[in-house]
Amino acid sequence: MKSPATPKPSLAGTLDALDFDTRLRLGVEDIDGQHFRLFQAAFGFKRCIDEVPFSPSEVDAGMLELVAYTSDHLDYEEYVMRLNRNPYLSAHILAHHRFKKEISDIAQKNLKLEGKGKTNVAREAFELLVDWLVNHIERVDKTARAYMVRAGRDASRGAPRLSLNCRVAIEFADHVASTGTVTDVSVSGAFVSIPTPLPAWFRAGAGGLVHLLPLSGSPPLPCRVTRLDPERGVALEFQERQTIHFVSALCRAAD
Ligand SMILES: [Fe+2]
Ligand SMILES: [Fe+2]
């Protein structure tokens with residue numbers, strides 16, 4: 001008798017160990033930014049599911065937003081690859097279409113459910129999305145990377161930046177600290193809006209630690225002030241490579 005198949009472990013449970021920059025980054029600015037935001041949206045959705053008690057309308061809205069954003073991203077990839085005449089486009093599109101159907105069927109099922117059934121299906125959608133994204137980016141998007149660069153753009157230009165609204169405290173030497181709002185972040189740095197006048201400890205080159213607020217015990221992030229920008233705030237450079245764990249922490253901390 002054939003032994004039952006062992007269920008494949010979900011990558012969604014091990015995402016803390018997944019390094020977006022080294023494992024999933026293609027080096028194509030637009031596409032990397034969209035992949036990064038998709039993971040961010042997925043973690044935001046998971047936060048809604050895990051709330052006790054959860055809000056059914058928030059779960060429904062999050063699910064629909066996730067499906068719409070996934071579809072927009074896949075359509076955009078197809079558009080760019082069509083412009084660049086990718087000879088393997090039809091197989092890539094077929095993979096996208098199959099996934100779009102799968103995730104939108106789950107979303108429809110989710111809308112009709114209530115209570116525990118709804119959160120179970122929503123969790124299934126979260127895991128399906130994360131697993132599919134990681135596998136698809138690594139196995140399919142990476143092989144099509146050369147066809148994803150839009151003409152006139154430099155694929156290796158800067159890291160993708162995200163807009164968000166997340167409260168932080170920045171601690172400097174001698175235990176002085178200021179609070180501010182992260183308005184713009186990438187895997188390598190962030191802009192933090194600090195109420196003026198800026199305290200004296202903000203000067204280019206100063207090293208500090210970024211704490212996410214409210215304080216939750218997550219380790220602070222070593223950073224360095226690189227610039228004081230009168231319009232965008234204080235530019236910080238992270239001193240360590242950031243991972244998907246960082247994205248997840250920002251999602252939890254953002255408004
Ligand atoms: Fe993609
Ligand atoms: Fe793709």
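1. The crossing of helix 2 and helix 3 is left-handed in this predicted model. The axes of the two helices come within 10 Å and cross at roughly 165°, and because angles over 145 degrees count as roughly antiparallel, helix 2 is described as roughly antiparallel to helix 3. On the side of helix 2, the residues that make the contact include I31, L38, A42, F45 and I49, while on the side of helix 3 they include V59, M63, L66, T70 and Y76.

2. Between these two helices the chain passes through a loop, and P53 lies in this loop between helix 2 and helix 3. The peptide bond leading from V52 to P53 is cis, with omega near -10°, which a reader new to the structure may wish to look at in the display above.

3. For orientation, the protein has 6 helices and 6 strands, and along the sequence these follow the pattern α-α-α-α-α-β-β-β-β-β-β-α. Buried residues make up 25% of the 255 residues in the protein. Among contacts between residues at least 6 apart in sequence, 63% join residues at least 24 apart.

4. As general background, nonpolar side chains in soluble globular proteins tend to be buried together.

5. Strand 3 pairs in the antiparallel sense with strand 6 (residues 233-238) over 4 bridges, and within strand 6 the bridge partner of V192 is V234.

6. Strand 6 also pairs with strand 5 in the antiparallel sense, here over 6 bridges, and the bridge partner of R227 in strand 6 is A235. Strand 5 (residues 221-229) in turn pairs with strand 4 (residues 207-212), again in the antiparallel sense and over 4 bridges, with V210 standing opposite L221 in strand 5.

7. Is R85 buried or exposed? R85 lies in the loop between helix 3 and helix 4, and it counts as exposed because 8 other C-beta atoms are within 10 Å, where the cut-off for exposed is 12 or fewer. The backbone at R85 is also worth checking, as this residue has a positive phi of about 50° although it is not a glycine.

8. Y88 has its place in the loop between helix 3 and helix 4 (89-112) as well. Y88 is exposed, with 12 other C-beta atoms within 10 Å. Y88 and Y147 are 59 residues apart in sequence, and their C-alpha atoms are 9.9 Å apart in space.

How values were computed. Residues numbered from 1 in each chain as written. Chains lettered and ligands numbered in written order. Predicted model: local features only at pLDDT ≥ 70, side-chain atom pairs only at ≥ 80, totals over all residues. Buried ≥ 20, exposed ≤ 12 C-beta atoms within 10 Å, placed from the backbone. Contact = placed C-beta atoms within 7 Å. Pairing = 2+ DSSP bridges. Axes fitted to C-alpha atoms, helices over the stretch in contact; angles between N-to-C directions. Parallel < 35°, antiparallel > 145°, perpendicular 65-115°, else oblique. Left-handed = near helix turned anticlockwise from the far one by under 90°.
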